[in-house]
Amino acid sequence: MDVLKYILFMWMFSSVSLLAQEDVYSAFAKSYQLETDGRYAEAASELEALKQNTYAVNLRLGWLYYQGGQYTVSLNYYARAINQKPTSVEARLGYVLPAAKLKAWTNVGAQYDAILKLDPNNYKANYYRGLMFYNMGNYKTASLYFDKMCNLYPFDYDVVILSAWNSYYLKDMSKSRALFDQALLIQPNSASAKEGRGLTR
């Protein structure tokens with residue numbers, strides 16, 4: 001009898017678990033549809049109603065609140081996702097979106113640095129970390145990121161043109177000219193590359 005009770009209990013438990021999992025699938029499906037319709041608050045509510053503190057839910061809520069312009073709330077959910085999976089690059093890339101909107105540049109830089117420890121060749125982290133130093137006028141430090149990017153993506157216009165201007169501000173005219181020439185191979189009508197080429201003659 002005890003064995004029968006145990007089997008019955010396990011069957012009931014597994015049935016409840018399966019129903020709960022179906023609710024999760026349904027909530028995610030509804031949230032995607034509502035997001036497509038631009039109804040971000042409603043999409044978030046679908047997931048909030050699950051009352052689940054999981055990586056998937058927190059990551060998704062971080063994105064939906066970011067899309068809805070609630071940047072501080074978005075940050076909190078992305079931070080939860082990072083705490084749950086510290087080696088997640090996607091959660092950190094998500095975090096920088098609302099952080100940038102809030103102009104929390106120290107936090108943005110810290111997340112890019114953390115990403116580069118996990119994934120040294122990450123395109124976005126290298127590019128935007130370099131861009132941050134470029135915008136601060138710290139061209140020497142920016143070049144560390146841009147040089148790496150030019151080796152990894154030598155025919156990527158955004159990488160090449162930014163590195164060209166960075167080299168120009170470092171007064172490395174030979175390198176800058178070569179990069180402006182490269183940029184013109186990628187985008188022959190680039191006004192920025194033509195301007196830079198003229199300045200480095």
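## Largest pocket

In this predicted model, 19 residues line the largest pocket, and those nearest its centre are Ala 100, Trp 105, Val 108, Tyr 112 and Tyr 128.

The volume of the largest pocket is about 440 Å³. Sorted by class, its lining consists of 12 nonpolar, four polar and three charged residues.

## H5 against H6

Two packed helices are described by the angle between their axes and the distance between the axes. For H5 and H6, the angle is about 165° and the axes are 9 Å apart. Angles over 145 degrees count as roughly antiparallel, so H5 and H6 are roughly antiparallel to each other. Their crossing is left-handed.

On the H5 side, the contact involves Val 89, Arg 92, Leu 93, Tyr 95, Val 96, Ala 99 and Ala 100. These residues meet Trp 105, Asn 107, Val 108, Gln 111, Tyr 112, Ala 114, Ile 115 and Leu 118 of H6. The contact of H5 with H6 has 12 nonpolar residues, two polar and one charged. Ala 100 of H5, together with Trp 105, Val 108 and Tyr 112 of H6, takes part in this contact, and these four are also among the residues that lie nearest the centre of the largest pocket.

## H3 against H5

H5 also packs with helix H3 (residues 55-67), at an angle of about 25° and with the axes 10 Å apart. Angles under 35 degrees count as roughly parallel, which makes H3 roughly parallel to H5. H3 passes H5 with a left-handed crossing.

From H3, the residues in contact are Tyr 55, Leu 59, Trp 63 and Tyr 66; from H5, they are Glu 90, Ala 91, Leu 97, Pro 98 and Lys 101. By class, the contact of H3 with H5 comprises seven nonpolar and two charged residues, with no polar ones.

## H9 against H11

Helix H9 (residues 157-169) and helix H11 (residues 191-199) have axes that come within 11 Å and cross at roughly 30°. This angle falls under the 35 degrees limit, and H9 and H11 are therefore roughly parallel to each other. The crossing of H9 past H11 is left-handed.

H9 contributes Tyr 157, Ile 161, Trp 165 and Tyr 168 to the contact, while H11 contributes Ser 192, Ala 193, Glu 195, Gly 196 and Leu 199. Six of the residues in the contact of H9 with H11 are nonpolar, two are polar and one is charged.

Conventions. Residues numbered from 1 in each chain as written. Predicted model: local features only at pLDDT ≥ 70, side-chain atom pairs only at ≥ 80, totals over all residues. Heavy atoms only, no water. 1 Å grid on protein atoms, 1.4 Å probe; cavity = no way out; pocket = protein on both sides within 12 Å on 5 of 7 lines; lining within 4 Å. Points joined across faces, edges and corners; volume = space filled by probe spheres on them. Nonpolar A, V, L, I, M, F, W, Y, C, P; charged D, E, K, R; others polar. Axes fitted to C-alpha atoms, helices over the stretch in contact; angles between N-to-C directions. Helix = DSSP H or I, 4+ residues; strand = E, 2+ residues; numbered from the N terminus. Parallel < 35°, antiparallel > 145°, perpendicular 65-115°, else oblique. Left-handed = near helix turned anticlockwise from the far one by under 90°. Contact = heavy atoms within 4.5 Å.
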